[in-house]
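The following report sets out selected structural features of one protein model.

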Amino acid sequence: MNTKNLVLMALLVGVGAVLYIIIPGINGGMKPDFMLTMMFIGILLFPNVKSTFLLGITTGVISGLFSTFPGGFVPNIIDKAVTAFVFLGLVLILNKFANKVAVGVILTGIGTLISGTVFLSTAIFVFGAGAIFQELFVIVVLPAIAINAIAFFIIYPIIGSLIKRTNFDTALTA
């Protein structure tokens with residue numbers, strides 16, 4: 001892993017953090033998680049275990065620090081770590097197609113579904129958050145799937161074209 005790749009991953013996480021912070025929380029403090037979208041883009045660009053681990057832990061900690069959900073720090077770390085490796089597995093299975101925007105949108109939707117499910121399950125199970133899973137799933141996770149898929153559809157081609165003009169060693173340039 002070289003410094004340029006680490007810098008690009010840090011930029012993705014930074015952009016995700018800014019978007020995450022400025023989006024207001026809804027229904028008990030839950031919010032659409034643009035950190036996920038940026039983590040998914042980072043995993044698509046660098047589909048390896050080291051990068052996935054770094055992206056998963058970093059986005060989890062930052063999401064946890066800025067979470068408006070009561071007791072959201074630990075569930076964010078768990079959910080991002082689990083989601084990152086499940087997403088990596090899906091990317092590796094769909095290796096030839098994963099860098100296509102349409103497949104990326106579908107993978108982003110699946111990843112957001114997994115993330116929301118793991119987050120809510122962890123928050124409710126570990127901390128006994130006073131919320132009903134189904135209610136939060138419908139009110140927050142389903143809209144987050146749509147928002148993250150749209151964000152991915154807009155952001156990924158832009159990042160892809162910027163990457164192709166530089167000398168970054170990513171899955172897009174391989």
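I124 lies in helix α5, where helices are DSSP runs of H or I with at least four residues, numbered from the N terminus. At 24% relative accessibility, I124 counts as partly exposed; that class lies between buried (under 20% relative accessible area) and exposed (over 50%), computed with a 1.4 Å probe on protein chains only.

The model is predicted: local features need pLDDT of at least 70 and side-chain atom pairs count only at pLDDT 80 or more, while totals for chains, interfaces and linings use all residues. Residues are numbered from 1 along each chain as its sequence is written, and side-chain values use heavy atoms, with hydrogens and water left out.

Leaving aside neighbours within four places in sequence, T122 is in contact (heavy atoms within 4.5 Å) with P75, I78 and F127.

**Helix α2**

Helix α2 covers residues 34–45 and has 12 residues. From its first C-alpha to its last, α2 reaches 17 Å, close to the expected 16 Å. At the start of α2, a side-chain oxygen of D33 comes to within 3.0 Å of the backbone nitrogen of M35.

Are the residues of α2 mostly buried or exposed? The helix is mostly covered, with 12 of its 12 residues buried; among them are F34, M35, M38, F40 and L45. The buried residues of α2 pack against α1 (3–22), α3 (49–65), α4 (73–93), α5 (101–127) and α6 (133–165).

T83 has its place in α4 and counts as buried at 1% relative accessibility. Apart from neighbours within four places in sequence, the contacts of T83 are L36, M39, F40, G111, I114 and S115. L36, M39 and F40 belong to the buried residues of α2.

How many aromatic pairs does a search of the whole structure find? The search finds 3, where rings of Phe, Tyr and Trp (its six-membered ring) pair if their centres lie within 6.5 Å, and planes under 30 degrees apart count as stacked, over 60 as edge-to-face and the rest as tilted. Two of these pairs are given below.

| Pair | Centre to centre | Angle between planes | Class |
|---|---|---|---|
| F133 and F137 | 5.7 Å | 20 degrees | stacked |
| F152 and Y156 | 4.8 Å | 15 degrees | stacked |

F133 and F137 both lie in helix α6, 4 residues apart, about one turn of the helix. F152 and Y156 likewise lie in α6, 4 residues apart. An α-helix has 3.6 residues a turn, so residues three or four places apart point the same way.

F133 is partly exposed, with a relative accessible area of 26%, whereas F137 counts as buried at 16%. F152 is buried at 0% relative accessibility, and Y156 is buried with a relative accessible area of 2%.

L136 also lies in α6 and counts as buried at 4% relative accessibility. The C-alpha atoms of L136 and G89, 47 residues apart along the chain, are separated by 27 Å.

**The largest pocket**

A pocket is an open set of points on a 1 Å grid over the protein atoms alone, with protein on both sides within 12 Å along at least five of seven lines; lining residues have an atom within 4 Å of a point. The largest pocket has a volume of about 170 Å³, taken as the space filled by probe spheres set on the points, which are joined across faces, edges and corners. Its lining consists of L8, L11, L12, V15, M38, I155, I159, L162, I163 and F168. Helices α1 and α6 each supply at least two residues of this lining.

L8, one of the lining residues, lies in helix α1 and counts as buried at 9% relative accessibility. Not counting residues up to four places away in sequence, L8 touches L45, F46, I163, F168 and T170. L8 and G116 are 108 residues apart in sequence and 26 Å apart in space, C-alpha to C-alpha.

Notes. The expected span of a helix is 1.5 Å times one less than its number of residues. A polar contact is a pair of N or O atoms within 3.5 Å; within protein, one must be able to donate a hydrogen and the other to accept it, and residues adjacent in sequence count only if both atoms are side-chain atoms. On a 1 Å grid over the protein atoms alone, a cavity is a set of points where a 1.4 Å probe fits but cannot get out, and a pocket is an open set with protein on both sides within 12 Å along at least five of seven lines; lining residues have an atom within 4 Å of a point.
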